[in-house]
Amino acid sequence: KDSISSFNWLIDNVLVSTDTNLHYDFRVGSYHELKLKATSIYGCNSTGTKMIFLDSVKANISINSLQFCGSGTVELKNQTSSVTPIVLATWDMGDGKTFNAVDTSYAYTIPGSYLITLKAATEKGCKDSSQTTQPVEVYPFPQASIIGDTLQCLPGTLTYKSEVITKDSIAQFYWKLNNAITDSLKDFVRHFNTGNHTLELIVNSKAGCKDTPRAASGERSCG
């Protein structure tokens, strides 16, 4: 019947507040013991105890590779952490396909950029989602062509140009004349002697995708 002079709120036997009412941000999911010790102005006290269970879930994805040429298979691991067991893990592969699995692998067969999302739920109904910070990039193979004549009338200096269609930038050019690498420039300039020659262009994109066109050229002297 007398007024209360103090309130002591304890969580797991740790004093967290002396306010009349408790507002507390729980950061650790688990069972917690909540106690309220109230003391009157005459020194009388009473303690109330309540057990609280807090579930939590934090979705997380581990992926083995983010870049492929033409097609590729990703290996995905569900590294979700939770207090109670995960009962549902749904993968959204970013290409319109979704399915339920714990860990999984998935093959991308069409070039494109794909963000993968994992949604997880515990048996208590807690939910969380995680998305890859970078997309899976499936690059098309570069399409390279050699521009230049395949038949010349006189031996002399000839120029062949590379023409490349690619999504990402080309990191390397290699020209092979008669199976020997002779240059690493974008275009090829060389003095040819009379005879038949095979010219090969190798292009490597920044993502490691490669194409190798060939051109057979025949040079002959004109009397």
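Reader: What makes Cys-69 and Cys-209 a disulfide?
Author: This is a predicted model, in which local features need pLDDT of at least 70 and side-chain atom pairs count only at pLDDT 80 or more, while totals for chains, interfaces and linings use all residues. Residues are numbered from 1 along each chain as its sequence is written, and side-chain values use heavy atoms, with hydrogens and water left out. A disulfide is defined as a pair of cysteine sulfur atoms within 2.5 Å, and the sulfur atoms of Cys-69 and Cys-209 are 2.1 Å apart, so the pair meets that definition. The structure holds 1 disulfide.

Reader: Why is the disulfide of Cys-69 and Cys-209 called left-handed?
Author: The torsion about its S-S bond is about -95 degrees, and the disulfide is therefore left-handed. The pair links distant parts of the chain, 140 residues apart, with Cys-69 in strand 7 (residues 67-69) and Cys-209 in the loop between strand 23 (195-205) and strand 24 (210-211). Strands here are DSSP runs of E with at least two residues, numbered from the N terminus.

Reader: Why does Cys-209 count as buried, and why does Cys-126 count as partly exposed?
Author: Buried means under 20% relative accessible area, exposed means over 50%, and partly exposed lies in between, with a 1.4 Å probe and protein chains only. Cys-209 has 1% relative accessibility and so counts as buried, whereas Cys-126, at 24%, counts as partly exposed.

Reader: What makes Thr-109 exposed, and which residues does Thr-109 touch?
Author: Thr-109 has 60% relative accessibility, and therefore counts as exposed. Its place is in the loop between strand 12 (104-108) and strand 13 (112-114). Leaving aside residues up to four places away in sequence, Thr-109 touches Gly-70 and Ser-71, where contact means heavy atoms within 4.5 Å.

Reader: Why are strand 17 and strand 22 said to stand at the edges?
Author: The open sheet of 3 strands has the order 17-19-22, with antiparallel pairing. Strand 17 and strand 22 (188-192) each have a single partner strand, so one side of each is left without a neighbour in the sheet. In strand 17 (residues 143-147), the covered face holds Ala-144 and Ile-146, while Gln-143, Ser-145 and Ile-147 belong to the uncovered one. In a regular strand the side chains alternate between the two faces of the sheet.

Reader: What is meant by a nonpolar core, and which residues have the most contacts inside the largest one?
Author: A nonpolar core is a set of buried Ala, Val, Leu, Ile, Met, Phe, Trp, Tyr and Cys residues joined through side-chain atoms within 4.5 Å. The largest has 14 residues, and those with the most contacts inside it include Val-74, Trp-91 and Tyr-108. A second, separate core of 12 residues includes Trp-175, Phe-188, Phe-192 and Leu-199.

Key:
Helix = DSSP H or I, 4+ residues; strand = E, 2+ residues; numbered from the N terminus. Pairing = 2+ DSSP bridges.
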